[in-house]
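Here's a quick briefing to read with the structure open beside you. Take the topics in any order you like.

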Amino acid sequence: MDWVHSFYDTQDELTGCHSSGLHPHHHALAARLTAHRGQPGSLLELGAGGGQFAVAAAQVGHAVTALELRPSGTVHTQRLAALHGVQVNAMTGDFYTADPGGPFDMLAYWDGFGVGDDAEQARLLARFPEWLAPGGAAYVDVYTPWYWAQHAGFTRETPAYVQSYGFDADRCRLLDTYARADGKTVTQSLRCYSPEDVRRLLHGTALVLDEVWPGGRFDPRAGTWHPRAPLGECLSFTAVLKRA
Ligand SMILES: C[S@@+](CC[C@H](N)C(=O)[O-])C[C@H]1O[C@@H](n2cnc3c(N)ncnc32)[C@H](O)[C@@H]1O
């Protein structure tokens, strides 16, 4: 998994996506979790990136711990929290081994599940019961095979880089490659799952898939983003996990 350390720093250097400010999407997501739980609570965010969601969640009263592998992500989270006048416990660490404390009322993992192989995903999920308070829920974005298989071949060109998508059909993984102007490339590879695949991954973990929230889809021909799509068309869904 060596690419994980270099990919997201390079992606941030080229696009600024992890060092940006808050977007309405982060506020909407924070509001959705508050509505689902009925009130603010303690929240652990895994793979928190630059902390935009963590800060949006803290703004509506959640007590947030943001765990991120890259130190630059933690620094940006702290900077954003100070800018917006909220407290976030921003930690640098590896979610397979770190001890973020807890238990928490909510776990969130946005835009990143599938970074490992099935055994690694199962290893991560097996930690959830230890982090989840009784009655708590985990919210995990999961990429769908059907969207990403179709999206393969799409490219986006800018003066600084060319981004191109592929799909490893044998391993059911989306491939996302940035080719820099100097010819160097970095690729992220993320395992895609259906809800039924997630149920299988959860076997033996003391967790169940309680709800499936279909996400959006990008239409590459029209260049338009549709924030809510049917499950069979969305690029990811949120798996809501609870104790069995
Ligand atoms: C695609 S980014 C998404 C960031 C953020 N969740 C968002 O939605 O903007 C995935 C993040 O997961 C982090 N990550 C990957 N593997 C990790 C690990 N083992 N422990 C902690 N964070 C990890 C990466 O460094 C990266 O910042």
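Where does Asp-111 lie? Asp-111 sits in the loop between β4 and α5 (118–125). Keep in mind that this is a predicted model.

- As a rule, most residues other than glycine have a negative phi, and most peptide bonds are trans.
- Asp-111 goes against the phi part of that: its phi is positive, about 55°, although Asp-111 is not a glycine.
- Asp-111 also counts as exposed, at 55% relative accessibility, because the cut-off for exposed is over 50%.
- Ala-206 is another non-glycine residue with a positive phi, near 70°.
- You'll find Ala-206 in the loop between α8 (195–201) and β10 (207–214), where Ala-206 is partly exposed with a relative accessible area of 45%.
- For a cis peptide bond, look at the step from Gly-102 to Pro-103, where omega is near 5°.
- Pro-103 belongs to the loop between β3 (88–92) and β4.

**How α3 packs against α4**

- Two packed helices are described by the angle between their axes and the distance between the axes.
- For helix α3 (residues 52–59) and helix α4 (residues 71–84), the axes come within 9 Å and cross at roughly 30°.
- That angle makes α3 roughly parallel to α4, because angles under 35 degrees count that way.
- The α3 and α4 crossing is right-handed.
- On the α3 side, the contact uses Gln-52, Val-55 and Gln-59, and they meet His-76, Thr-77, Leu-80, Ala-81 and His-84 of α4.
- Sorted by class, the contact of α3 with α4 has 3 nonpolar residues, 5 polar ones and no charged ones.

**How α2 packs against α3**

- Here the axes of α2 and α3 are 8 Å apart and the angle is about 55°.
- That makes α2 oblique to α3.
- The crossing of α2 and α3 is right-handed.
- From α2 come His-26, His-27, Leu-29, Ala-30 and Leu-33; from α3 come Gln-52, Phe-53, Ala-56, Ala-57 and Gln-59.
- The contact of α2 with α3 divides into 6 nonpolar, 4 polar and no charged residues.

- Is Gln-52 buried or exposed? Gln-52 is buried, with a relative accessible area of 6%.
- Gln-52 is part of helix α3, and setting aside residues up to four places away in sequence, its contacts include Cys-17, His-18, Gly-21, His-26, His-76 and Leu-80.
- Gln-52 and Thr-77 are 25 residues apart in sequence, while their C-alpha atoms are 7.0 Å apart in space.
- Val-60 is in the loop between α3 and β2 and counts as partly exposed, at 41% relative accessibility.
- Apart from neighbours within four places in sequence, Val-60 touches Ala-30, Thr-34 and Pro-40.
- Val-60 and Thr-34 are 26 residues apart along the chain, with 8.2 Å between their C-alpha atoms.

**Salt bridges**

- How many salt bridges does a search of the whole structure find? The search finds 10.
- One of the pairs is Arg-70 with Asp-9, whose side chains meet at 2.9 Å, N to O.
- Arg-70 is in the loop between β2 (63–68) and α4, and Asp-9 is in helix α1 (residues 3–15), so this pair ties together parts that are 61 residues apart in sequence.
- Arg-70 counts as buried, at 4% relative accessibility, whereas Asp-9 is partly exposed, with a relative accessible area of 35%.
- A network of salt bridges links Asp-9, Glu-68 and Arg-70.
- Arg-37 pairs with Asp-105, and their closest N and O atoms are 3.5 Å apart.
- That pair links distant parts of the chain, 68 residues apart: Arg-37 is in helix α2 (residues 24–37) and Asp-105 in strand β4 (residues 104–109).
- Arg-37 is partly exposed, with a relative accessible area of 28%.
- Asp-182 and Arg-180 also form a salt bridge, at 3.8 Å, N to O.
- Asp-182 counts as partly exposed at 48% relative accessibility, and Arg-180 counts as partly exposed at 25%.

Key:
Residues are numbered from 1 along each chain as its sequence is written. This is a predicted model: local features need pLDDT of at least 70, side-chain atom pairs count only at pLDDT 80 or more; totals for chains, interfaces and linings use all residues. Side-chain values use heavy atoms; hydrogens and water are left out. Axes are lines fitted to C-alpha atoms, for helices over the stretch in contact, and angles run from 0 to 180 degrees between N-to-C directions. Helices (H or I, at least four residues) and strands (E, at least two) are DSSP runs, numbered from the N terminus. Angles under 35 degrees count as roughly parallel, over 145 as roughly antiparallel, 65 to 115 as roughly perpendicular and the rest as oblique. A crossing is left-handed if the near helix is turned anticlockwise from the far one by less than a right angle, and right-handed if clockwise. Contact means heavy atoms within 4.5 Å. Ala, Val, Leu, Ile, Met, Phe, Trp, Tyr, Cys and Pro count as nonpolar, Asp, Glu, Lys and Arg as charged, and the others, Gly among them, as polar. A salt bridge is a side-chain nitrogen of Lys or Arg within 4 Å of a carboxyl oxygen of Asp or Glu. Buried means under 20% relative accessible area, exposed over 50%, partly exposed in between (1.4 Å probe, protein chains only).
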